[in-house]
Amino acid sequence: MDKKKMGTASLVLSLVSLFPLLLSPSNIKTAEIFVVVFVILAIASIILGFMSKKEAKGLAISGIVIGIISLIFLCLALIGFVGISNATNCIDNGDETSTCMYNGVEIEVPNIYLREDQKEK
């Protein structure tokens, strides 16, 4: 593959990997899978950026930087989704959020991300 095309692909993949930061599915398991797929795209954009750095310098560096930023935010989102899915004893606050316990700490979680078995009866 042409190095300039790889630079362009790096930039495009890095921009596409930002998509889950703008919009995420309403189901927590789907959101986790969604984020993992886009983490793979961010990693691919970083790899392509490094492979094409000599020929397509501007595109490659942009792809690398945006890919790294996207990767960091996606990993933080994934950690948050895993934390939400492990929350217990959730009590509805009446404003579409619930207060849950996670490792002895109270956290506020949107009700849309909670499963029925996480809610207190």
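Biologist: What should I know about the numbering and the model before I start?

Modeller: Residues are numbered from 1 along each chain as its sequence is written, and side-chain values use heavy atoms, with hydrogens and water left out. The model is predicted: local features need pLDDT of at least 70, side-chain atom pairs count only at pLDDT 80 or more, and totals for chains, interfaces and linings use all residues.

Biologist: How many helices and strands does the protein chain have?

Modeller: Helices (H or I, at least four residues) and strands (E, at least two) are DSSP runs, numbered from the N terminus. Here there are 4 helices and 3 strands. From the N terminus on, the order is α-α-α-α-β-β-β.

Biologist: What share of the residues is buried?

Modeller: Buried means under 20% relative accessible area, exposed over 50%, and partly exposed in between (1.4 Å probe, protein chains only). Buried residues make up 34% of the 121 residues. For areas, the Shrake-Rupley method is used with a 1.4 Å probe; for residues, only the protein chains shown count as cover. The protein chain exposes about 7,300 Å², and carbon and sulfur atoms supply 67% of that area.

Biologist: Which residues form the nonpolar patch on the surface?

Modeller: Patches take residues with over 30% relative accessible area and no salt bridge; like charges are joined within 9 Å, nonpolar side chains (Val, Leu, Ile, Met, Phe, Trp, Tyr) within 5 Å. The nonpolar patch here holds L21, I61, V65, I68, I69, I72, F73, L76 and I79. Together they have about 800 Å² of accessible area. Helix α4 (residues 57-85) gives the largest share, 8 residues. I61 lies in helix α4. I61 is partly exposed, at 37% relative accessible area.

Biologist: Where is S45, and what does S45 touch?

Modeller: Contact means heavy atoms within 4.5 Å. S45 sits in helix α3 (residues 28-51). S45 is buried, with a relative accessible area of 0%. Not counting residues up to four places away in sequence, S45 touches S10, L13, S14, G63 and G67. A polar atom of the S45 side chain also lies 2.7 Å from the backbone oxygen of A42.

Biologist: What share of contacts joins residues at least 24 apart?

Modeller: Take contacts between residues at least 6 apart in sequence: 59% of these join residues at least 24 apart.

Biologist: How many salt bridges are there?

Modeller: A salt bridge is a side-chain nitrogen of Lys or Arg within 4 Å of a carboxyl oxygen of Asp or Glu. The count is 3. One joins E32 and K29 at 3.3 Å, N to O. Both residues lie in helix α3, 3 residues apart, about one turn of the helix. E32 is buried at 11% relative accessible area, whereas K29 is partly exposed at 47%. E116 pairs with K119, the closest N and O atoms being 3.4 Å apart. E116 is exposed at 53%, and K119 is partly exposed at 28%. D117 and R115 also meet in a salt bridge, at 3.0 Å, N to O. D117 counts as exposed at 58%.

Biologist: Where is R115, and what does the R115 side chain reach?

Modeller: A polar contact is a pair of N or O atoms within 3.5 Å; within protein, one must be able to donate a hydrogen and the other to accept it, and residues adjacent in sequence count only if both atoms are side-chain atoms. R115 is found in the segment after β3 (105-110). At 33% relative accessibility, R115 counts as partly exposed. The R115 side chain reaches the backbone oxygen of S85 at 3.1 Å. R115 and I28 are 87 residues apart along the chain, yet their C-alpha atoms are separated by 8.5 Å.

Biologist: Is G94 buried or exposed?

Modeller: G94 is exposed, with a relative accessible area of 69%. Look for G94 in the loop between β1 (88-92) and β2 (97-102). G94 and N111 are 17 residues apart in sequence and 9.7 Å apart in space, C-alpha to C-alpha.
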